[in-house]
Amino acid sequence: MDSSIFQVYEDEIQSLEEEIKLLAEKYEDSQQESTFFSDEEILMSISSYQTEIEGHEFPSNLKAELETLETDLSFLMKFTGIQFTNHSKKTVEKTRNRTVQKHRLSGNCHSLSFRLDFQLLEMQNKENVSVVITDLSIIMESGEDSDVSKFVERAEECGNLLTFFRSFSSYAEWYEHRRCTFRHFKAKYPEIVTLPEGLLGDHIVLRNPSAPGFELMIVWKIHMDEEGTTIPVLDLLTKVPEKGLEQKMATIERAPSRFRSMLLLLGIEAAIDNLIKVVGSEK
Amino acid sequence: MEGGKACAPSGVFAHLEMLEMQSHEAAVKQEEMEQQEEKLARLKATVQELRLQRDDLQAKVDLQQKGQLGKEGVVLPPAQPSARAVLEWKIKSLKAMLRLFYLTGISGKLTKKGVCFCISTAYEGTYLDSYYLDLLTEPEVQIYRHSVPIFIPLEEIAKKYLQTDIRRFLSVLSDHLNAYVQRRYQADQLQKHFSDQIEGKLQRNSLCDLLVFNYNVSRKSKTFLFKVRLLYGDLCCSLPTEAVVSCASDAPASVAEMAAAHSGLFRRVALHKAFRSFGSA
């Protein structure tokens with residue numbers, strides 16, 4: 001008997017097996033993607049799973065696995081400051097060496113929230129898997145910062161998700177830092193410090209209760225360039241009543257530049273603290 | 001006669017032997033045939049079975065997709081799922097979420113004695129190499145194992161930040177790795193897509209912070225050779241700090257101007273994109 005006839009069948013078996021594996025994955029993916037269980041349902045299942053397996057000899061591997069994954073996830077979220085609150089995906093194409101998924105991911109980075117939609121293309125080459133992001137759309141909370149919108153626009157254009165995450169977390173870190181600093185000074189010097197736009201605004205106003213009309217405003221912007229590098233930029237604006245402070249005009253005019261050199265020398269917190277002390281001592 | 005007498009039996013024996021052998025061979029052949037037929041039947045049955053299995057699955061997948069098309073959004077599982085199924089679902093979705101951290105540039109998992117971090121790199125939307133850092137945290141933070149290339153100043157960065165600020169350490173390291181991978185990617189793209197313009201070999205060092213190559217520029221049906229030397233002075237940056245483009249000293253002024261313009265472009269635009277813009281110009 002011709003051995004090639006076996007080959008024909010063997011080839012078909014192999015291709016069928018591959019097809020079945022792919023279909024099974026497709027089915028499972030879709031099942032996974034179209035299902036949702038609340039935290040409550042999961043907690044209930046954990047306890048009923050435990051009673052279910054108590055009579056058996058094998059250890060509760062699933063529960064242990066779940067716990068490890070949860071610890072890893074909470075560690076990463078804490079470490080990076082990036083919290084994912086919601087994630088859904090849909091596999092739109094799947095072949096042996098090519099998978100296309102649509103993702104929707106929302107969460108927050110420190111106190112700023114974001115929502116991302118993107119397409120993830122995975123290609124299996126001989127040795128490695130290549131991942132490409134396309135159709136990226138970013139919605140984020142950043143006030144009306146035009147720097148940030150420009151950066152986001154560019155990231156969307158290039159599908160630059162990694163840079164987005166890195167820059168956004170550095171931006172959010174500064175944002176958080178500014179909020180904490182403002183809160184700290186408001187608590188430390190409640191008579192002098194006011195927050196016209198609240199803790200989330202980008203400026204604070206310093207007033208000496210015994211010198212009405214005289215005001216210093218510290219403006220703290222967080223700049224982001226097109227590449228996504230963030231730097232804090234602080235400035236001092238002065239407001240002086242028309243009469244009475246003539247002899248101090250020179251000092252006041254020099255204040256902004258002195259504040260800038262103080263920032264370089266002492267850092268943000270100490271520079272602001274010094275300035276507040278000066279304002280407080282004015283009589 | 002005697003010899004004949006003696007011969008005849010031996011002739012018979014030989015004949016018998018031959019017959020026996022023939023029948024044995026036939027039996028073996030028969031057996032082989034049967035085995036092959038059996039094997040064929042088995043294969044046929046397997047194929048049949050697999051086809052059925054495939055059709056079943058296909059039908060299930062089709063039904064699933066129809067169901068999803070009918071109802072936007074969430075499709076409820078058909079029956080009350082078992083506790084095990086719910087846990088398996090949760091495990092899968094946690095794994096998917098953990099995998100997403102790969103996209104942020106830093107992912108990792110806790111180990112018995114510390115953390116194993118993975119730094120991923122990308123050029124725009126294309127994810128490139130990942131590097132691993134196995135850190136021990138007790139009694140002090142130290143690098144146990146890593147896959148960071150030798151030419152990345154890991155020790156220097158570690159000395160500066162590892163003990164005081166692990167986040168900063170990883171962020172600086174990631175800047176170095178991303179910039180290196182991006183420089184390499186640009187050089188690769190240049191070789192891949194513009195080899196017809198490149199004259200000779202593109203030379204680069206392992207850190208890809210120095211690139212030297214020559215390329216042809218045609219102007220008014222004449223071809224000029226430009227020599228380029230790109231130096232990436234900032235190791236955390238994927239654009240060169242120094243771009244020298246020179247042409248032959250006897251080239252016309254307009255060509256020299258063009259070389260100067262290219263030099264400016266190389267400092268602002270990724271290498272392969274700069275070449276793409278020459279093509280369209």
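This is a predicted model: local features need pLDDT of at least 70, side-chain atom pairs count only at pLDDT 80 or more; totals for chains, interfaces and linings use all residues.
Residues are numbered from 1 along each chain as its sequence is written, and chains are lettered from A in the order in which they are written. Local features need pLDDT of at least 70, side-chain atom pairs count only at pLDDT 80 or more, and side-chain values use heavy atoms, without hydrogens and water.

I start with chain A. Helix 3 of chain A covers residues 61–80; helices here are DSSP runs of H or I, at least four residues, and strands are runs of E, at least two, numbered from the N terminus. Helix 3 of chain A has 20 residues and reaches 28 Å from first C-alpha to last, close to the 28 Å expected at 1.5 Å a residue, where the expected span is 1.5 Å times one less than the number of residues. Its buried residues include L62(A), L66(A), L69(A), L73(A) and L76(A). Buried means under 20% relative accessible area, exposed over 50%, and partly exposed in between, with a 1.4 Å probe and protein chains only. After helix 3 of chain A comes G81(A), with a positive phi near 80 degrees.

Next, a loop. S34(A) sits between helix 1 (4–33) and helix 2 (39–54) of chain A. S34(A) counts as buried because its relative accessible area is 11%.

Now chain B. Strand 7 (residues 222–231) of chain B runs antiparallel to strand 8 of chain B, with 5 bridges between them; strands pair if DSSP finds at least two bridges. One of the pairs is K227(B) with S246(B). On strand 8 (residues 242–246) of chain B, A243(B) and V245(B) form the covered face, while E242(B), V244(B) and S246(B) form the uncovered one.
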